[in-house]
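The questions below take one protein model piece by piece. Each answer gives its grounds and then the item asked for.

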Amino acid sequence: MNYVQDNVRRISAPNGGPMTYTGTQTYLVGSGEVALIDPGPDMSVHRAAIMAALEPGERISHILVTHAHLDHTPLARRMGDELSVPVYGFGDARAGRSDTMVALAQAGAHLGGGEGVDDSFVPDEVLADGDVLHGGDWALEAWHTPGHMANHLCFVWHEGQAGFSGDHVMEWATTLVSPPDGDLTAFMASLRKMQGRCHRLVLHPGHGEAVRDAEGRIADLLAHREGREAQILAALTAGPAGISTLTAAIYTDVDPRLLPAAARNVFAHLIDLHGRGLVVCDGLPGADVDWARA
C-alpha cells in the first residue's frame, strides 16, 4: 500500500499479466469512513492487504465499482457482504449497452467477446451519470463512461483533484474495446465528454501508474484511435479483408500475446465504421466476415 495523493491509498492486487499489467489497482479514498474503489479479484491475500491499509479506527463505508470485469468486481461482493457495506455501480454486466450492440447480440451475429466479464455482478445501489456519493471528508461524482464496457464509470473527487478512471484512461496502454461488451462509438464519445473537465485532476487508473497529464492523455487516446481508423480504411483499399488479415497488417510491432486483443479492437473499429456508412460487410457485422470500403 502507498499514498499516491493526499488521502488516496493504492493497493495493488497480485494478478499481473499481459492484460492487467502489474495487477488491478484498488483505492481507498478519504479518512475515517473511507470509500473503497475496485476491490479487484477475489483473492484472500488482496483482501488482507486492503484491510491492513486502514488506519486504526477506520472503516469502509462505501464500495464502488468502475465496471464488471473479473479483475475488478468479485471481491466487491465478498467484502460488501462480510462488512455489511453497500456496493455501488452503474448496473450489471449488460447495463448501458447501446442500441447497436443490443441489436447485434440479439440478432445472433458472431461477435465473440466476453473477455473476463463478471456475469454475476449486480450492485446493491445503482449510480447514474452525475450522481454524487458523500463520506466524512470526501465526495465522489460518478461519470458514466461507456466504451471499454457499457456499465463503466469513472469517479471524480473534485476537491481532492483526483479521478479514478478504471480501464477507460490508463497511462501504460490503450484500452481494450471488445464488442458487444465494448463499443468504440461509445468509447470515443466518452473520451470527448471528459475533454476540458480534467485539467486539475490526477487520474488513478485500474492498472498502471497515475495519469498526471489527464487532458494530454485523453487527446493522445483520441488521436491513437483516429489513426487506427485511418490504417483500417487504408488497408481496405486493396480489397475486402477479414479481421485477422487487417490485424496482421496493422499491428506489426505488438507482443504476440496481445494480438487477440488487437483483433478485438479492429472489430470494434469496423462496427463503428459500419455504423457511419464507411465500410460494408456481407450480412450482419460479425467477427468472421470480410469487410470492404463502402
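Q: In which sense do β11 and strand β12 pair, and over how many bridges?
A: This is a predicted model, in which local features need pLDDT of at least 70, side-chain atom pairs count only at pLDDT 80 or more, and totals for chains, interfaces and linings use all residues. Residues are numbered from 1 along each chain as its sequence is written, and side-chain values use heavy atoms, with hydrogens and water left out. Strands (E, at least two residues) and helices (H or I, at least four) are DSSP runs numbered from the N terminus, and two strands pair if DSSP finds at least two bridges between them. β11 and β12 (residues 202–205) pair in the parallel sense, over 4 bridges.

Q: Which residue is the bridge partner of alanine 162 in β12?
A: Alanine 162 belongs to the residues of β11. Its bridge partner in β12 is valine 202.

Q: Which strand forms a hairpin with β11, and which residue in the turn has a positive phi?
A: The pairing with β11 is antiparallel and runs over 3 bridges, with phenylalanine 155 opposite phenylalanine 164. The hairpin has 4 residues between its two strands, and a phi of about 55° is found in the turn. The strand is β10 and the residue is glutamine 161.

Q: How many residues of β11 are buried, and which point the other way from Ala162, Phe164 and Gly166?
A: Buried means under 20% relative accessible area, exposed over 50%, and partly exposed in between, with a 1.4 Å probe and protein chains only. In a regular strand the side chains alternate between the two faces of the sheet. Strand β11 (residues 162–166) is mostly covered, with 5 of its 5 residues buried. Those pointing the other way are Gly163 and Ser165.

Q: Why is strand β5 described as largely enclosed?
A: Strand β4 (residues 33–37) pairs with β5 in the parallel sense over 5 bridges, and glutamate 33 stands opposite arginine 59. β5 also pairs with strand β6 (residues 87–89), in the parallel sense over 2 bridges, with leucine 64 opposite tyrosine 88. Strand β5 (residues 59–64) is largely enclosed by the rest of the structure because its buried residues number 5 of the 6.

Q: Is asparagine 265 buried or exposed?
A: Asparagine 265 lies in helix α7 (residues 259–275). Not counting residues up to four places away in sequence, asparagine 265 touches Thr175, Leu176, Val177, Arg225 and Tyr251, where a contact means heavy atoms within 4.5 Å. Its relative accessible area is 7%, so asparagine 265 is buried.

Q: Why does the protein chain count as being as compact as a globular protein of its length?
A: The protein chain has 7 helices and 14 strands. The radius of gyration is taken over C-alpha atoms, and the globule rule is 2.2 Å times the number of residues to the power 0.38. For 294 residues the rule gives 19 Å, and the chain is as compact as such a protein because its own radius of gyration is close to that, at 19 Å.

Q: What share of the residues of the protein chain count as buried?
A: The C-alpha atoms fill a box of roughly 65 × 35 × 35 Å, taken along the principal axes. Of the 294 residues, the share that count as buried is 55%.
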